Amino acid sequence: MAEYAKDYTLPELMAATVAREFKDGEIAFIGVGMPLIAASVAKFTHAPNFNIMVEFGAFAYSPRRLPLCVDCAVNCERAYWTGTLRDVMSAQQAGFVDVACISGAQIDKYGNLNSTCIGDYYKPKVRLAGSGGANDLASSAKRTVIMMRQEGRRFVNKCDYITSPGYLDGPGAREKAGLPGGGPAAVITTMGVFRFDEETKEMYLEKIHPGVKLEDIKATVQWDLAVSPNLEVTEPPTEEQVLVMRTLDPVMVYLGNGRDVLAGDFERFIKMFEDSYPVMTELLWKKNML
């Protein structure tokens, strides 16, 4: 049985929780950031045949260094195949993606996400980054896993704009709209883990992170949140999971404020790459992945 880590951070807990959503043999469309850390944890622990796909065109790679953008050459390392953005987006639209990890600024009880604007679309209070590939993934992937910070302004009764569709307005709505994908399977936040009721398609709380109070979670949700009768505490990360995270991201670029630490320090930036490579190579050997 795996040993649980006694020393871990909230981002590490979230990344480990997302990693457990990924299954061996699946194809996952993953963006750079914490989802990439989670995908790498899955790949190097319980799911060695897990296949990571990234937007710029790489498929089924095994990174031994930390990719810092979707176009990073590290994303090609030991990849089964490298192509173009058009290739991978066409593949996911054709239904080849089992799971995708996405996020947004707002989410409603049906798992619809807004990453377009706050307020009226034509006269917004804030104009956000937009969809990127998130709408395609939410529409076409067999299931999605959503990661986001939990705050009252984010868990809203109604999104100001639906960028990435969840279950729209309830049961049957995705099918009526002609969306081929299965919809959101889980929402993993800074406070807990949420699922969706099979009949109503409404979000409910399944797990609560260690040290978090139920009333604090409910205070950040604008609708009447349902709670599982079998509410559990979120499983901590294992020592092996934390090892992978801290080897790939030792200065916490994605799991903390590492970008500020690395800013202007090119030597430290290169050292991060150099230090992770031999440790990850040894892990690959132990997992019979080389």
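Start at the second largest pocket, with a volume of about 210 Å³. The model you have open is predicted.

**Stop 1: the second largest pocket.** Select Leu10, Pro11, Met14, Met34, Ser103, Gly104, Met147, Met148, Arg149, Arg154 and Thr190; these residues line the pocket. By class, that lining holds six nonpolar, three polar and two charged residues. Now colour by secondary structure. Helix α1 and strand β10 (143-148) each supply at least two lining residues. The largest share, three residues, comes from α1.

**Stop 2: α1 against α7.** The crossing is right-handed. Show side chains next. From α1, pick Glu12, Ala15 and Ala16; they meet Gln241, Val242, Met245 and Arg246 of α7. This contact has four nonpolar, one polar and two charged residues.

**Stop 3: the largest pocket.** Move on to the largest pocket, where about 640 Å³ of space lies. Its lining has 28 residues. Which of them are the closest to its centre? Select Gly31, Val32, Cys101, Ile102 and Ser103 to see them. Then highlight α2 (34-44), β5 (99-102) and α4 (134-140), the elements that give two or more residues to this lining. The lining divides into 17 nonpolar, nine polar and two charged residues.

Technical notes
Residues numbered from 1 in each chain as written. Predicted model: local features only at pLDDT ≥ 70, side-chain atom pairs only at ≥ 80, totals over all residues. Heavy atoms only, no water. Left-handed = near helix turned anticlockwise from the far one by under 90°. Helix = DSSP H or I, 4+ residues; strand = E, 2+ residues; numbered from the N terminus. Contact = heavy atoms within 4.5 Å. Nonpolar A, V, L, I, M, F, W, Y, C, P; charged D, E, K, R; others polar. 1 Å grid on protein atoms, 1.4 Å probe; cavity = no way out; pocket = protein on both sides within 12 Å on 5 of 7 lines; lining within 4 Å. Points joined across faces, edges and corners; volume = space filled by probe spheres on them.
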